[in-house]
Amino acid sequence: MSYLKFEKAQMTNLQESLCRELLRTNRSGAYSCSTVVDCNTRKYHGLLVVPVPEIDGENHVLLSSLDCSVIQHGAEFNLGVHKYESGVFSPNGHKYIREFSLETVPTTIYRVGGVILKKEVIFQAYATRVLIRYTLVDCHSATTLRLKPFLAFRSVRNCMVENTQIIKDYKEISGGIKTHLYENYPDLHIQISKKNEFVFDPHWNKHLVYEKEQERGYHGVEDLYVPGYFEIEAKKGDEIVIAAGIENIKPSTLNKLFNEEVSLRTPRDNFYHALVNAAHQFHVRISDTERYLLAGYPWFKVRARDTFIALPGLTLAIQENDYFELVMDTAAKSIRDFMDGKPLSSMIHEIEQPDVLLWAIWAIQQYAHEVGNKQAYKKYGKLLIDISMFIDSNKHPNIELRENGLLHIEGREQPMTWMNSIANGRPVVPRTGYVVEINALWYNALKFCAEMAASNNDTKVAADLEARATIAKESFQKMFVTESGYLFDYVEDGITDWSVRPNMIFPVAFDYSPLEPEQKKSVLDFCTRELLTPKGLRTLSPKSGGYNPIYVGPQTKRDYAYHSGTAWPWLGGFYMEACLKVYKRTRLSFVQRQMIGYEDEMLYHAVGSISELFDGNPPFHGRGASAFAMNVAEILRTWRLIDQYN
């Protein structure tokens, strides 16, 4: 039995199936995404969505969908599903679905009368091409398959409207056609492994609705261009592969290619393997030496903070140290560019944020746990020391090292931490001054860099870093520890923020903490009582003012809720690490039970992955992006920690 499987009743009930998304990616940032019944509910959905650097830095939907119809005795049964502005779904192809599974590749079984048709979809790993294989499992009479492409050729940020500027021309190529609707776009090649006929029948399919966009307060109505359709005569047992990509391919190779791609996939036959597959979806390969991690799908880019927080979980936790090195080596070039005041030579965004370099040190610290200090110092020792000296010498444009040994930031006008939502041009959570996790990161960085310097017999540098850490620890105690037993979130000019927020978990979880053992226990217990949910830690305690746990509605409403009570699984990863450090094996079974709350999510949102955030109140619905790198990473890293304790 498949681990990720849905029966007929779940698929034919659109209330059940439209909330489940299917994400397929390659290593270039391109992807294919829709719901499990192939009804697009977001403007970001599409069968082939690719970056087009000649136009801008966004992804672009080339092929929105490809409807398949089964024709027997002159009767057409369309297996597609679209929602229109009238509220009507047409056609209703979901009613023909008998089952769906996602163990190796997404597989849908349709039954139309005496016809049983199997559809499998895969995104080629190292090419921008989606492959669809139809297998005519059974039929009792002559059968024709009709394939109708819906073209968009537009940015994921916009919707298409009928216009006269499109280029309707197409060119016949081996096994199919190639076309593009606008200049500067690549050709879309649609090719089929079996002999077929393309019938030119151009028209607009108008007023399709993307209900997820409308729920989020955005425009969500689109017109799509249909150039015509392909017809294929099929017989029982036929395996027909359709390729849609930006490059030409020999149709005769498609069946073999599909089988080769399937053999590369790790079956999603349990929670762990599903997470490993999800981890690989965030990989971006630009060249043999330039590698990145996307922050999430479908709308996130490569962000520096997300990269360094997610990197250990997405690589080291699944024994892929080589990919850690490739990503870190790419990021290190950007760090050097930033510290030298040069334009960045990579596609990493937001490297100037105050905590980013400190998270880079934390990521290298996790690498040192895996390979040992000697190897880690040999590879990244100079970078570690240079980062610490860069911050210590007050060269960072967004950090000031004060005489008390703590780092001070200015976050009243622009958000400077991971809690970065903005409403009406201002930070919703104006974390400014001395921020708790930034200074916990700083203390941990000083101690780790001192440890690494000492392991390389650089005693002078080690002693200097240790002295600075001692000053920082003393000041941290005075600045953040409250009489109530938890930590202030930030302090500015003597004004303290008494809100109970999850950022105080970091100094408990880090290897080097400025807190005493009893203080760690007190902070951890506060997080357990007021912040812990089955989906991670809340961003604000229900007892604090401004608690707003439901992330729904228009953009502004969601911005106010984003960090004001919603729950984030990646924070839960640090919480569980803190549990194991403070309570050791006595909390092991508790941590294992906490993982169950994440496994439940495998069947929702992006099936087999973890969404960006969750409502802070029951039933803890998943919200935001359907797949989020830091969440997948920290669940995998927790899994690794559990294994180490076992």
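1. Helices (H or I, at least four residues) and strands (E, at least two) are DSSP runs, numbered from the N terminus. Strand β8 covers residues 89–92, and Pro 91 has its place there. The peptide bond that joins Ser 90 and Pro 91 is cis, with omega at about -10 degrees.

2. The model is predicted: local features need pLDDT of at least 70, side-chain atom pairs count only at pLDDT 80 or more, and totals for chains, interfaces and linings use all residues. Residues are numbered from 1 along each chain as its sequence is written, and side-chain values use heavy atoms, with hydrogens and water left out.

3. A cis peptide bond also joins Pro 618 and Pro 619, where omega is about 5 degrees. Pro 619 belongs to the loop between β34 (613–614) and β35 (622–623).

4. Asp 38, although not a glycine, has a positive phi of about 65 degrees. Asp 38 sits in the loop between β3 (31–35) and β4 (46–51). With a relative accessible area of 24%, Asp 38 is partly exposed; buried means under 20% relative accessible area, exposed over 50%, and partly exposed in between (1.4 Å probe, protein chains only). Lys 584, a residue other than glycine, has a positive phi near 55 degrees. Lys 584 is placed in the loop between α15 (569–583) and α16 (588–594), and its relative accessible area of 47% makes it partly exposed.

5. Asn 13 occupies the loop between α1 (8–12) and α2 (14–17) and is partly exposed, at a relative accessible area of 31%. A polar atom of the Asn 13 side chain lies 3.0 Å from the backbone nitrogen of Gln 15. Between Asn 13 and Tyr 434 there are 51 Å in space, C-alpha to C-alpha, and the two are 421 residues apart in sequence.

6. Is helix α5 enclosed or exposed? Of the 10 residues of α5 (residues 271–280), 8 are buried, so the helix is largely enclosed by the rest of the structure. Among the buried residues are Phe 271, Leu 275 and His 280. The elements that cover the buried residues of α5 include β20 (283–285), α6 (304–314), α17 (596–599) and α18 (629–645). At the start of α5, a side-chain oxygen of Asn 270 comes within 3.1 Å of the backbone nitrogen of Tyr 272.

7. Two packed helices are described by the angle between their axes and the distance between the axes. Axes are lines fitted to C-alpha atoms, for helices over the stretch in contact, and angles run from 0 to 180 degrees between N-to-C directions. The axes of α9 (residues 373–392) and α10 (residues 436–455) come within 9 Å and cross at roughly 130 degrees. Therefore α9 is oblique to α10; angles under 35 degrees count as roughly parallel, over 145 as roughly antiparallel, 65 to 115 as roughly perpendicular and the rest as oblique. The residues that make the contact include Tyr 377 and Leu 384 of α9 and Trp 442 and Phe 448 of α10; contact means heavy atoms within 4.5 Å.

8. His 180 is located in the loop between β15 (176–179) and β16 (188–192). The side chains of His 180 and Asp 187 make a polar contact at 2.5 Å. A polar contact is a pair of N or O atoms within 3.5 Å; within protein, one must be able to donate a hydrogen and the other to accept it, and residues adjacent in sequence count only if both atoms are side-chain atoms. Leaving aside neighbours within four places in sequence, His 180 is in contact with Phe 153, Ile 167, Tyr 185, Pro 186 and Asp 187.
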